[in-house]
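Open the model in your viewer and keep the selection panel at hand.

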Amino acid sequence: MSTTTKNELESRYAGIKLEGQPHALSAWFVVALRFLLGGMILFAGLGKLAFVSGEPFDASGFLVHGVDPASPVSGLYAAMAESALLLDVINVVIPATQVLIGVALIFGGLLRLAALGGALQMFAFYLGGWEGQWLALFDSTLIYAVLFLALAAFGAGRILGADRYLENLRVGGQTLVEKYPKLRYVLG
C-alpha cells in the first residue's frame with residue numbers, strides 16, 4: 001500500500017489562505033464516511049416505510065409535538081401539520097428521499113445532489129429541535145448536515161463511486177460533463 005500522496009488541499013477566501021496535504025488514506029476515509037452516512041440515512045428511510053416498520057410513517061407527531069416552541073420554524077411546522085394534503089406529501093417525501101439519498105451515497109452516484117438533499121433534511125430537523133441555545137451548534141443533526149456537505153465538497157462520488165464513471169461516459173465524442181457542464185453540480 002502506498003503512503004505517498006499527490007493530493008493538495010488549498011482554498012483562498014476573504015484574504016485567508018488554507019492549505020494542506022491529506023494523508024494517502026484520506027480517500028479511504030471519505031469512502032467510509034460516504035458508506036456510513038449512506039447507510040444511516042438509508043435505514044432511517046427504510047424504517048419509516050410501512051412494509052418494514054409495520055405502520056405508515058406520520059410526520060405530524062414531530063411537526064406538532066417535537067418542535068420546540070423557541071424554534072424559528074415552530075409556526076411553519078405547525079401550519080404544515082394542519083394541512084392534510086401537505087402532511088400526506090411530507091409522509092411520502094421524507095422516507096422516499098431518505099432511501100434515495102442513502103442509495104446514492106452508497107453507490108456514489110449523483111452524490112452532490114444527494115448530499116445537498118441530506119444536508120437540507122438534517123438542517124430542517126435541526127431547526128425543528130433548536131431551543132435557541134448556542135450549545136445547539138453541537139447538535140447531531142447539524143453535524144450530519146455538515147458531514148453531508150463535506151462529502152459533496154470532497155467530490156466523494158468520484159472516489160470509488162458511480163459518478164467517476166458517469167462523468168467519463170462518452171456522448172457524441174465528448175465526456176458527459178464536457179457536453180453538459182452543469183452536471184458537475186450534481187455529480188462528484
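Axes here are lines fitted to C-alpha atoms, for helices over the stretch in contact, and angles run from 0 to 180 degrees between N-to-C directions. Bear in mind that this is a predicted model.

**Stop 1: helix 5 against helix 6**

Select residues 84–107, which form helix 5. The axes of helix 5 and helix 6 come within 9 Å and cross at roughly 135°. Angles over 145 degrees would count as roughly antiparallel, and 65 to 115 as roughly perpendicular. Helix 5 and helix 6 are therefore oblique to each other. The crossing of helix 5 past helix 6 is left-handed.

Now show side chains. On helix 5, pick I94, T97, Q98, I101, A104 and L105. They meet L111, A114, G117, G118, Q121 and F125 of helix 6. Colour this contact by class: seven residues are nonpolar, five are polar and none is charged.

**Stop 2: helix 6 against helix 7**

Helix 6 passes helix 7 in a left-handed crossing.

For the contact, select L111, R112, A115, G118, A119, M122, F123, F125 and Y126 on helix 6. Their counterparts on helix 7 are T141, L142, Y144, A145, F148, L149, L151, A152 and A153. By class, the contact of helix 6 with helix 7 holds 15 nonpolar residues, two polar and one charged.

**Stop 3: the salt bridges**

Side chains of opposite charge can pair when their charged atoms come close. How many salt bridges are there in this model? The count comes to three.

- Select R12 and E10. They form a salt bridge, with the closest N and O atoms 3.2 Å apart. R12 is exposed, at a relative accessible area of 58%. E10 is partly exposed, at 47%.
- Go to E19 and K17. Their side chains meet in a salt bridge at 3.7 Å, N to O. E19 counts as exposed at 57% relative accessibility. K17 counts as partly exposed at 41%.
- Finish with R158 and E167. This salt bridge has an N to O distance of 2.8 Å. R158 is partly exposed, with a relative accessible area of 28%. Is E167 buried or exposed? At a relative accessible area of 10%, E167 is buried, because the cut-off for buried is under 20%.

**Stop 4: R184**

R184 lies in the segment after helix 9 (176–179). R184 is partly exposed, with a relative accessible area of 41%.

Which residues does R184 touch, not counting those up to four places away in sequence? Select R112, V177 and E178.

Definitions and conventions: Residues numbered from 1 in each chain as written. Predicted model: local features only at pLDDT ≥ 70, side-chain atom pairs only at ≥ 80, totals over all residues. Heavy atoms only, no water. Left-handed = near helix turned anticlockwise from the far one by under 90°. Helix = DSSP H or I, 4+ residues; strand = E, 2+ residues; numbered from the N terminus. Contact = heavy atoms within 4.5 Å. Nonpolar A, V, L, I, M, F, W, Y, C, P; charged D, E, K, R; others polar. Salt bridge = Lys/Arg side-chain N within 4 Å of Asp/Glu carboxyl O. Buried < 20%, exposed > 50% of the residue type's maximum accessible area, 1.4 Å probe, protein only. Parallel < 35°, antiparallel > 145°, perpendicular 65-115°, else oblique.
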